[in-house]
Amino acid sequence: MNVTDTGPPRSQRFAHLYEQTYAALLRFVERRVHPSHAEDVVADVFLVAWRRLDDVPRAADEARAWLFGVAHRTLRNGLRADQRRQALTVRIADSQLTGAAAAGLDPELVARRLDLVQAWRRLSPRHQETLALAVWDGLTAPQAARVLDITPVAFRLRLARARRALRHHADAAPATTTQPVATATVDSRSMR
């Protein structure tokens with residue numbers, strides 16, 4: 001049967017598959033991700049099932065296992081995507097610091113930026129996303145709220161919490177100091 005064939009037999013088979021497996025698949029996914037993301041993952045799994053309906057086994061238990069496999073791969077792909085985004089964020093921050101150091105900027109400024117990068121790495125992905133939308137992407141609260149599908153008030157609250165968390169992590173960061181290096185340079189020159 002062709003994937004573009006949407007006649008009654010195909011849609012009926014899919015509807016039956018959906019009815020028989022949705023609850024079990026949702027429980028499977030909810031044990032692995034935050035409940036707020038579970039339905040989205042399940043929707044992605046059923047999209048794959050619709051597209052590849054001819055590959056789905058006919059036996060109910062086998063079909064359920066096949067869907068669990070698709071869900072597992074979908075979750076792994078999502079995790080890898082999150083890790084790539086996190087790595088990109090860190091690389092961007094590190095490249096900005098490297099560029100600043102190479103440009104001969106004030107060592108104290110570079111040290112403060114290093115503390116900021118360390119604080120950024122300690123933030124939750126939710127806080128990083130909130131700050132990135134407001135600062136890096138330059139979105140207003142209503143625009144960022146639309147991106148996250150929340151209200152502007154909820155976004156402002158998230159932003160306040162993210163800023164507070166960033167300040168907390170920056171204040172808690174061990175003081176990066178360049179003073180000993182500068183002092184050693186000055187001392188060695190004065191001994192000449």
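Contact, as used in these legends, means heavy atoms within 4.5 Å. The structure is a predicted model, in which local features need pLDDT of at least 70 and side-chain atom pairs count only at pLDDT 80 or more, whereas totals for chains, interfaces and linings use all residues. Residues are numbered from 1 along each chain as its sequence is written, and side-chain values use heavy atoms, with hydrogens and water left out.

**View 1. Contact of helix α6 with helix α7.** Helices (H or I, at least four residues) and strands (E, at least two) are DSSP runs, numbered from the N terminus. On the α6 side, Ala-141, Pro-142, Ala-144, Ala-145 and Leu-148 meet Pro-152, Phe-155, Arg-156 and Arg-158 of α7. By class, this contact comprises 7 nonpolar, no polar and 2 charged residues; Ala, Val, Leu, Ile, Met, Phe, Trp, Tyr, Cys and Pro count as nonpolar, Asp, Glu, Lys and Arg as charged, and the others, Gly among them, as polar. Helix α6 (residues 141-148) packs on α7 at an angle of about 95°, and the axes are 8 Å apart. Axes are lines fitted to C-alpha atoms, for helices over the stretch in contact, and angles run from 0 to 180 degrees between N-to-C directions. The two helices α6 and α7 are therefore roughly perpendicular; angles under 35 degrees count as roughly parallel, over 145 as roughly antiparallel, 65 to 115 as roughly perpendicular and the rest as oblique.

**View 2. Asp-149 in the loop between α6 and α7.** Although Asp-149 is not a glycine, its phi is positive, at about 60°. Asp-149 counts as exposed because its relative accessibility is 72%. Buried means under 20% relative accessible area, exposed over 50%, and partly exposed in between (1.4 Å probe, protein chains only).

**View 3. Helix α5 and its packing on α7.** Helix α5 spans residues 125-136, and its buried residues are Gln-128, Thr-130, Leu-131, Ala-132, Leu-133 and Ala-134. The axes of α5 and α7 (residues 152-172) lie 9 Å apart, with a packing angle of about 110°. That angle makes α5 roughly perpendicular to α7. The contact of α5 with α7 has 8 nonpolar, 2 polar and 4 charged residues. From α5, Arg-126, His-127, Thr-130, Leu-131, Leu-133 and Ala-134 take part; they meet Phe-155, Arg-158, Leu-159, Arg-161, Ala-162, Arg-163, Ala-165 and Leu-166 in α7. Just after α5, Gly-138 has a positive phi of about 65°.

**View 4. Arg-163 of helix α7.** With a relative accessibility of 40%, Arg-163 counts as partly exposed. Arg-163 and Leu-131 are 32 residues apart along the chain, and their C-alpha atoms are separated by 7.4 Å.

View 5. The mean pLDDT (the predictor's confidence in each residue, from 0 to 100) is 77 for the chain, and 67% of the residues score at least 70. Confidence is lowest in helix α8 (residues 179-190), with a mean of 37, and highest in helix α2 (residues 35-51), at 93. Over residues 176-192 pLDDT stays under 50, and the model has 6 contacts beyond four places in sequence for this stretch. The chain contains 8 helices and 0 strands. Of its 192 residues, 30% are buried.
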